[in-house]
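Hi,

Here is the model I promised to pass on. Have a look at it first, and my notes come after.

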Amino acid sequence: MSLKIITERCKGCGICAAFCPKQVLALSEIEKIEAVHEENCIKCGQCEMRCPDYAIFVEK
Amino acid sequence: MSRILLLQGNQAVVEGAIAAGVKFFGGYPITPSTEVAESLAERLPLVGGKFIQMEDEIASMGAIIGASLTGKKVMTATSGPGFSLKQELIGYACMAEVPMVIVNVQRVGPSTGQPTSPSQGDIMQARWGTHGDHWLIALTPASVPECFDLTLRAYALSEKYRVPVILLMDEVIGHMRERIELPDNYDEIPQAERKQPTCPPEEFKAYATDESLVPAMPAFGSGYRWHVTGLVHDETGFPKGTPAATKEAADRQYHKLYDNLEDIVQVENYRMEDAEYAVVAFGGGARTAYEAVDRARKEGLKVGLVRPITIWPFAEKQMKELADKVKGIMVHELNCGQYVLEVERAVAGKMPVTSYAKYDNEPATPAQLLAEIKKAMAL
Amino acid sequence: MSMENLINKYFRPGRLPHIWCPGCGNGVVTGTIVKAIDKLGLEKDNVAVISGIGCSSRASGYLDFNTVHSAHGRALPVATGVKLADPSLKVIVVTGDGDATAIGGNHLIHAARRNIDMTVILYNNSIYGMTGGQYSPMTPQGSKATTAPYATIEPSFDITELVKAAGATFVARGTTFHAQILADLIAKGIEHKGFSLIEAVSGCPISFGRQNKIGGPADMMKWQRDHAVMLAAWNKMTDEQRAGKFPIGVLYENNDRKEYTEAYDELIARAQGGNK
């Protein structure tokens, strides 16, 4: 696992998914972020950098 | 060793502030309080303190709130219009329980009014000027030496109860020059101290209290990190808007003062031992009253003076006792009748309460006041 | 330190999630502040964070320093009192566009004029968010707001130019899209001795974006990406190319002016030496 998602902090704004260069992330049915293609993650950290809710971290 | 000086009331406040250990003043020029700022601008750097002339009255209040949080004793000084501008942050200081002394040398109002004429028109503003229910202390000196003494007392009360204390002066007292005897140096004057936490920082809750209901207040930078807010907060200091937290905060702020009225409220009785009639007067108005009472006594009239030194909290107990003792009360004040409303409430119709309200920008003469007393006694 | 550890170290335990709306930029800016503080290795006990009133000003309550959530517009006077009374504290002011430039505008120019050592992080989301979307002095002219239903006719401040003219000695601008750059700018501002201001261009999707049909949270960040220009590139652009865009980076720095609390120490020495 390279991505750590703290679901209770996620407000489902979708910023991380919008800027993920590898389309790793998507909003779930209940509008919380999920790693749908974690195998494609390149650990660039763009999601972590722009998450307003400290809900997603990239573990290196 | 001591020295004899001829000082203005405003200058005596400055001496009191230096003696009390004031290390920060934030102010803005306004007549008739400006001498307080001018003198402290000169005096504070000499004792390693800081004086700053802020960009406006509101900023002056903000600056002393900030400086008080670093553990310093702080002061600002103003007059009517400036006092109005400070009100929002006076409420903040009540809510966040930040000690400070605010000098208000009252002048004629409303609005610009008359900058150099005496008035006591801010009695109710001192109590109710900021929005919302709140509790604070206001002291009123009636002489130049008392300006010094009450400034010291203002710091003692402010630090002890973590509450803003208003030194409610008037132009008569602020600008009057009188003889005053002061110690040569202030080293032996006891310094009011703020309660400090006894627990380690990780266990510290900023607004947790013991039976005194006054929370400890560590300085910023001391290692105790805490949050200061004007929002209703619980004992942690963080905002909490529940009905229970809201009521608890208000109750504690009330009781920390009103359970200690014996300690806070001071009233002077002058020639009251056998008095059948009482004049209630304070500040500049009390100066006229002392002389009027003396003249009345010479004429065989059993008149005395009751002088509230603590204006707020109101001297409820003392006024109720007075109502059981005398046949009539006259409240003399330099406004259209503000303090008299409180006296009437306390006396609750037990006897006649008359008001000699002087609001024409000149203090009464003793002869005028005596004539008014005689008229009222004949009723 | 990883971002997760930064949050755990510098945020007060148990206070997240914060109150800000989904997609609000305030969380991003607040994250960059703790990144900057960590980069500089400041001790938590020696940092004071002072805010006013508004959405952004809620940041002080989350941060584990000596913190004040003051009154609307009054963060700078309170910060001035803290800094002058104890110059050993690092003072950071958290404020919004309405708080700093409308009700607190007078304090802003005077704090800049004094060049007192503190760092203002101005969260600029172009709107009063807490009260539900009224226009501020930094709302772009022509924008809609609840108090500008026919679009605002008032020109907006370029706050970086304003504080520079008033006497600030470090002025920068960043955006939440360029969060890493923003963190570096904040670190430089804190390191700078004197009055520094960093304008953090931030999105308010709920109260500004929606009224002005900019789209959702990600669209607001894309707007920043497409309109912010690094200063080096900006300097090479023609006025035509600059239209509608804005520069980011360190816009002004002056290390020659005396800092206020240092000047005050000299004043004390002068007074105690008997010289007026």
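First, the ground rules. This is a predicted model, where local features need pLDDT of at least 70 and side-chain atom pairs count only at pLDDT 80 or more, while totals for chains, interfaces and linings use all residues. Residues are numbered from 1 along each chain as its sequence is written, chains are lettered from A and ligands numbered from 1 in the order in which they are written, and side-chain values use heavy atoms, with hydrogens and water left out.

**Who touches whom**

Two pairs of chains are in contact, and chains B and C share the most contacts (contact means heavy atoms within 4.5 Å). Chains A and B have no contact at all; their closest C-alpha atoms are 20 Å apart.

**Chains B and C**

Chain C puts 40 residues into this contact and chain B puts in 39. Together they bury about 3200 Å², 60% of it on carbon and sulfur atoms (buried area is the accessible area, with a 1.4 Å probe, that two parts lose on being put together, summed over both).

The rule finds three salt bridges across this interface, a salt bridge being a side-chain nitrogen of Lys or Arg within 4 Å of a carboxyl oxygen of Asp or Glu. In one salt bridge, D64(C) meets R225(B) at 3.1 Å, N to O.

Helices (H or I, at least four residues) and strands (E, at least two) are DSSP runs, numbered from the N terminus.

That same strand 2 of chain C is joined by three bridges to strand 10 (residues 227-229) of chain B, and the two run parallel; strands pair if DSSP finds at least two bridges between them. Within this pairing, T229(B) sits opposite H69(C).

**Chains A and C**

Here 18 residues of chain A contact 27 residues of chain C, burying about 1800 Å², 66% of it on carbon and sulfur atoms. The count is one salt bridge, and E4(C) and K4(A) meet in a salt bridge at 2.4 Å, N to O. Eight residue pairs are in polar contact, both residues at pLDDT 80 or more.

**Inside chain B**

How many residues of strand 4 (residues 73-78) of chain B are buried? Six of the six, so the strand is largely enclosed by the rest of the structure (buried means under 20% relative accessible area, exposed over 50%, partly exposed in between, with a 1.4 Å probe and protein chains only). K73(B), M75(B) and A77(B) cover one side, with V74(B), T76(B) and T78(B) on the other.

Strand 4 of chain B has parallel partners: strand 2 (residues 22-27) of chain B over three bridges, and strand 5 (residues 100-108) of chain B over four. V22(B) is the bridge partner of K73(B), and T78(B) has N104(B) as its bridge partner in strand 5.

Lastly, E146(B) lies in helix 6 (residues 144-161) of chain B and counts as buried at 12% relative accessibility. Leaving out residues up to four places away in sequence, E146(B) touches T140(B), P141(B), T151(B), R307(B) and I309(B).

Cheers

How values were computed. A polar contact is a pair of N or O atoms within 3.5 Å; within protein, one must be able to donate a hydrogen and the other to accept it, and residues adjacent in sequence count only if both atoms are side-chain atoms.
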